[in-house]
Amino acid sequence: MLHEPVGDPRSSRAVYPGTFAPFTAGHRDLVDRARRLFEHVTVLVAINDEKRPTKTGAERALDIRAILPADWENVTVAAWSGLTVAYCQQHGAGVIIRGVRNAADAVGECRLAAMNETLGIATLFMAARPELAAISSTVVRAAAT
C-alpha cells in the first residue's frame, strides 16, 4: 500500500543521512550541491553502533558542523537514532538525498529508496563527482590506521 507523501516531493527541506564516520570530501561536496537545490538541508548523522564509529553521533555532528562553512546558513547538522523517514516526517522534509559512487551503491540505494517512497518520502540520488567517487569512509579509516 502506497502512502501519500508527507510533504511536497518538491519540498524545500531535504535530509542527507549517513554515519559519516568520518565525513569525507565527497560528503561535503554533496552537501554543497544539495544546499543549492533546497532551501534547507539537514545532515543527519545516523547513530548506528553496529558500524562501530570511534565517536558518538553527537560528537560526529559537532565535527561536521565545524567543517562546514559558517555561511552555509541553510545547512544544519543533527544526530538521530531512529529511521530517517521518521525524522523526515517529524521535521517536514519531503526528500532524502543519497550519494551514489558506482553501480553497487545504486543497487542498494534503490532498495532503500523504494521502501522510503512507500512511506511517503522521495529520494534524490546525486552522482559522486568522478574525482571523488573512489573516496569512502571505509577507505579514509583504513588510510588513517
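**A buried phenylalanine and a parallel sheet**

With a relative accessibility of 5%, Phe20 counts as buried (under 20% relative accessible area; over 50% would be exposed and anything in between partly exposed, using a 1.4 Å probe and protein chains only). The model is a predicted one, so local features need pLDDT of at least 70 and side-chain atom pairs count only at pLDDT 80 or more, while totals for chains, interfaces and linings use all residues. Residue numbers start from 1 along each chain as its sequence is written, and side-chain values use heavy atoms, with hydrogens and water left out.

Phe20 sits in the loop between S1 and H1 (helices, H or I of at least four residues, and strands, E of at least two, are DSSP runs numbered from the N terminus). Phe20 isn't a glycine, yet its phi is positive, about 55°. The loop between S1 and helix H1 (25-35) also holds Pro22, and the peptide bond leading from Ala21 to Pro22 is cis, with omega near 10°. Most peptide bonds are trans, and most residues other than glycine have a negative phi.

As for the sheet, five strands make up an open one in the order S3-S2-S1-S4-S5, with parallel pairing (a pair needs at least two DSSP bridges). At the edges are S3 (75-80) and S5 (122-127), each pairing on one side only. S1 (residues 13-18) and S4 (residues 95-100) pair in parallel over two bridges, and Ala14 stands opposite Val95 in S4. Helix H4 (residues 103-118) packs on the sheet, touching S4 and S5 (contact being heavy atoms within 4.5 Å). The direction of H4 makes about 160° with that of S5, where axes are lines fitted to C-alpha atoms, for helices over the stretch in contact, and angles run from 0 to 180 degrees between N-to-C directions.
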